[in-house]
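User: I'd like to go through this model with you before I set anything up. Could you put it on screen?

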Amino acid sequence: MNLIISTISQGFIWAIMAIGLFITFRILDFPDMTVEGSFPLGAVTAVMLIQHGYSAEIALLVAFIFGNLAGFATAFMYTKLHIPSLLAGILTMTALYSVNLRILGKANMSLTKPNNIFNKYGLNKLPVNFNGIILGIIIIAIITFLLIIFLNTEKGQAVIATGDNEIMAASLGINTTVMKFIGIMVSNGIVALTGGMIAQQNGFADVNMGIGSIVIGLSAIIIGEVLYPDVPLSIRIITIVIGSIVYRLILMIVLQLGFNTNDLKLISAIILALCLALPTIREQFFRAFRNGVRSK
């Protein structure tokens, strides 16, 4: 039972990153690889600040700001220097590896001070792993609330329009460049915030901890969409949380079946590939079924 609770706790925390990823991949239709650099950026920033005596809240705030700066770099290269989106993200991600090493001073660092967000506000008095669930729900609720409010404003609608049809949005007088900056920066800010939370939960930061994070986030998004297709935008954000928990439960089951933990990235990629292919498989199945019925 403790393993299931721990898995659900991880699902809630990782869902925060998936929501950030949703802004670029689904709302802006921007394949942003920056997240694999901004995620550990948030982690190393949070750990270093806490180790130097700053509060966990300040550490997460600075991680969010640094994530925004990482998103700014990618948006600048994409919009101003006209570097292709994937390449712009990869360039920022690569540069952030050195930045993260500079901040941390070495490849990894343990969090020796107990001053972290999971031990505050009475969360340490909860049963094991329940602090992650409660904190995850609170942070997700805040981010979802703010995001829904923003998306219903004129600026938010402009960001959505930019992602749907950039040419049409520009013809309506929308500054699509600014909208891309806003979306990419906020997305990476949320991703870095998640990195800071994961580092505090796990008790360490590593410059390589962002490898495969984009697969985890995309898996949560895709699983949510497969389970709950054709739902309003505000509900889709909630389905991401469900998708994140389901994804973590699938990984838990796979590992319980005896698979090697070294194969975790491979398993994650296979799960994502299957989820991406599921709509096509489902369509072909129903098409074959209908053709079979007609032939009879």
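User: First thing, is Leu126 buried, partly exposed or exposed?

Analyst: Keeping in mind that this is a predicted model, Leu126 counts as partly exposed, because its relative accessibility is 34%.

User: Changing topic, how many salt bridges does the structure hold?

Analyst: There are 4 salt bridges in the structure. One of them pairs Arg26 with Glu225, with 2.7 Å between the closest N and O atoms. Arg26 belongs to helix α1 (residues 2–27) and Glu225 to helix α9 (residues 213–227), so this pair ties together parts that are 199 residues apart in sequence.

User: And Glu225, buried or exposed?

Analyst: Glu225 counts as buried, because its relative accessibility is 19% and the cut-off for buried is under 20%. Arg26, by contrast, is partly exposed, with a relative accessible area of 37%.

User: What else does Glu225 form a salt bridge with?

Analyst: Glu225 also forms a salt bridge with Arg236, where the closest N and O atoms are 2.5 Å apart. Since Glu225 lies in helix α9 and Arg236 in helix α10, the pair ties together parts that are 11 residues apart in sequence. Through shared partners, the salt bridges join Arg26, Glu225 and Arg236 into one network. Arg236 itself counts as partly exposed, at 24% relative accessibility.

User: What about Lys120, which residue does it form a salt bridge with?

Analyst: Lys120 pairs with Glu57, and the closest N and O atoms of that salt bridge are 2.9 Å apart. This pair links distant parts of the chain, with Lys120 in the loop between β1 and α5 and Glu57 in helix α3, 63 residues apart. Both partners are partly exposed, Lys120 with a relative accessible area of 22% and Glu57 with 28%.

User: How many residues of α2 are buried?

Analyst: In α2, 16 of the 17 residues are buried, so this helix is largely enclosed by the rest of the structure. The end C-alpha atoms of α2 are 24 Å apart, which agrees with the 24 Å that its 17 residues should span at 1.5 Å a residue. Just after α2, Gly53 adopts a positive phi of about 100°.

User: Which residues is Ser268 in contact with?

Analyst: Apart from neighbours within four places in sequence, Ser268 touches Val215, Ser219, Tyr247 and Leu251. Ser268 lies in helix α11 (residues 264–295) and is buried, with a relative accessible area of 7%. Ser268 and Phe76 are 192 residues apart in sequence, and in space their C-alpha atoms are 31 Å apart.

User: Last one, which residues does the UniProt annotation "transmembrane region" cover?

Analyst: According to the UniProt record, which is an unreviewed entry, the annotation covers residues 12–28, 58–79, 86–105, 130–151, 172–198, 210–228, 235–258 and 264–281. In the model, residues 172–198 are 85% helix and 0% strand, with end C-alpha atoms 41 Å apart. Residues 235–258 are 92% helix and 0% strand, with 36 Å between the end C-alpha atoms.

Conventions:
Residues are numbered from 1 along each chain as its sequence is written. This is a predicted model: local features need pLDDT of at least 70, side-chain atom pairs count only at pLDDT 80 or more; totals for chains, interfaces and linings use all residues. Side-chain values use heavy atoms; hydrogens and water are left out. UniProt positions are given in the numbering used here, feature names are shortened, and annotations may be inferred rather than shown by experiment. Helices (H or I, at least four residues) and strands (E, at least two) are DSSP runs, numbered from the N terminus. Buried means under 20% relative accessible area, exposed over 50%, partly exposed in between (1.4 Å probe, protein chains only). A salt bridge is a side-chain nitrogen of Lys or Arg within 4 Å of a carboxyl oxygen of Asp or Glu. Contact means heavy atoms within 4.5 Å. The expected span of a helix is 1.5 Å times one less than its number of residues.
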